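Visitor: I am new to this structure. Please show me how its features are to be read.

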Amino acid sequence: MLFSRHTEDPVTTIRYIFFGFFILLFITFFFGPGKARKLFALPVLIKMTFAIMLAYSAWSFVSLLFAPNVSIATYEVSRQLLNIILLFAIMVSVKKAPQQVLRLCRALVIVSLLQSITGLLQFYDADIFNIPATEKPSGLMVHRNLFGSAQVMMLAFVIYVWYKEDKIWKYASILAIAGIEASAIISSTRSAWLAGIAVLATSFILMMVYLPAKRKKWITSLLLCLASVVILVWILLKTNNKVEFSKSVHEKAVSLIRPSLDKSKSTGRFVLWDKTIRLIKDHPVLGVGPGNWSIAIWAYGTDNTSWGYGEQVPSRPHNVYLQVASETGLPGVILFISLWVLIGMMGFKTIKNSEQEDSRALSICMLSGLIAFATDNMFSFSMERIEHSMFVILMGGVITGLYANSVANKNETVQTINKKLLFTILYISAFNLFIGYKKYNFEKHMKLANIYRAQQLYEEVINEVEEGRSRFVTLQANGEPLEINAAIAHMELGNYSEALKEIKRAKNYNPNNARIYTTTGVVYTHLQQYGLAISAYKKAISLTPHYDLALANLARVYFATGNYKDCVSTIQQVSILSKSSLEDILKEAQKRMKYPSNNSTRKN
């Protein structure tokens, strides 16, 4: 629920900082120096789970050493280690007090209700909270897809409250389920719809098999749930006059029923998956480094992609498994999948072997949530956000804690945690806090630099860049380094040598950003070094073939050097909307091509 208006991405960093701070306090308070706790011997499957998590992080670290951008990879590996600590903390908590899980589930009922209310207000253009977002409705998640998937991931916890509670909390959970259904619908996110179906189907099947006394209740509930979805769709379509929403829901619903397998007709996920598979084939062992997919994927062309026009950049392949494989190699994705398979096995064992009905029901709900997570990962990017990884670690922690109880060793001893291990855990938590602070500082000064640049306050731009510069954080979400702002500011102030130094730093952080090469071309144009300017613009266009700014600038340089033929052909590639500013140059170039003897343009 936290967000900040001081950063370009209003939620990711501030929630990451809070997450790291909470874990640091939690571990210090419950396991710190002198804190004796009744620890238990870990069953084999739990030992294997933590061993695989550590192996995955270790392999990611090895991959990090060869990554194009080490700072991005460092952030990803640090988060992985923080998730290991959280899983351990949740597992121990559930092992000691399984009855308290219900309180956690109640809290998430409240969160899901608040998120539903926020999303519905945005849907009806009544966003009284005015939460920043890239596309609304997005609830508290800034992104529409992440809004739908976050709601569905909370469904497992809400279902358990509905199963376990009576009166007020039961009614609250029913309302929360309806809100989650509505949120998934208005998010128009197919991966969230499939994940929601996975939760309901898995929980229904397992409850029918392992809780036979509740079969009638679950059949009735499922039918009511399906009926409520139909009613909600009808209400939302009738009470909102947005044509694009109705069209989007219809098209996406049809695509789920009759999916198109014709890759030639798709410019979306099929294109991304195809490029990512080629990337994996080229880097099968170590991958390209955690978080570095968005940098490496440029090498595979921009055909049929939105970033070929220069206004967007690649951010994720919409398939977590392919992304993990491309960033950490085949060993990495095998470890990643093995981790969740092991946790799933423990969930099934608990369901089968537990003598307590509540433990079986809770395990069924959490396992259903993991199935939803696995489904969403096939088509979306849920592991990108702190909240989503927290939800899935909560599910995994509850399952491992319940499993530990089901195979409990009676000979537990009171002891303190190993000091070296404790120091390592505290260091990892503190380092994540440090990275979080650096990210926040970077993003805050990046936003201010962008504002000052728009206001043409170039000295202030340079000051903001110096304040935000860090070797631990080098790129914002759109792939731009701070240094690009400094380069433009120095250029506008006439400090061309400084501008080129900043560009060199920017290229080191992201060698495949077309905007960096376009800025390089502008600097060389100011210096009248037209050959270098043309090379820079051509590089930008090779990365983004339909980038109007690079095309227009290249056409102007061709005109300045007397290359009228290439000037005309380049202008003809510019989109109609951007071509009006080049009409005079186009007419003059065509005139000079027709009457070459009258040309007096200086040639370089």
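**Reading the model**

Guide: Helix α3 (residues 70-96) has 27 residues and extends 40 Å from its first C-alpha to its last, close to the 39 Å expected at 1.5 Å a residue. The expected span is 1.5 Å times one less than the number of residues; helices are DSSP runs of H or I with at least four residues, strands runs of E with at least two, numbered from the N terminus. This is a predicted model, in which local features need pLDDT of at least 70, side-chain atom pairs count only at pLDDT 80 or more, and totals for chains, interfaces and linings use all residues. Residues are numbered from 1 along each chain as its sequence is written, and side-chain values use heavy atoms, without hydrogens and water.

Visitor: How many residues of α3 are buried?

Guide: Buried means under 20% relative accessible area (1.4 Å probe, protein chains only). In α3, 22 of the 27 residues are buried, so the rest of the structure largely encloses this helix.

Visitor: Where in the protein chain is confidence lowest, and where highest?

Guide: pLDDT is the predictor's confidence in each residue, from 0 to 100. Its mean is lowest in strand β2 (residues 413-415), at 57, and highest in helix α16 (residues 458-468), at 96. For the protein chain the mean is 88, with 93% of residues at 70 or more.

Visitor: Which residues in α10 and α12 meet?

Guide: Two packed helices are described by the angle and the distance between their axes. Contact means heavy atoms within 4.5 Å. Trp273, Thr276, Ile277, Leu279 and Ile280 in α10 meet Leu322, Ala325, Ser326 and Leu330 in α12.

How values were computed: Buried < 20%, exposed > 50% of the residue type's maximum accessible area, 1.4 Å probe, protein only.
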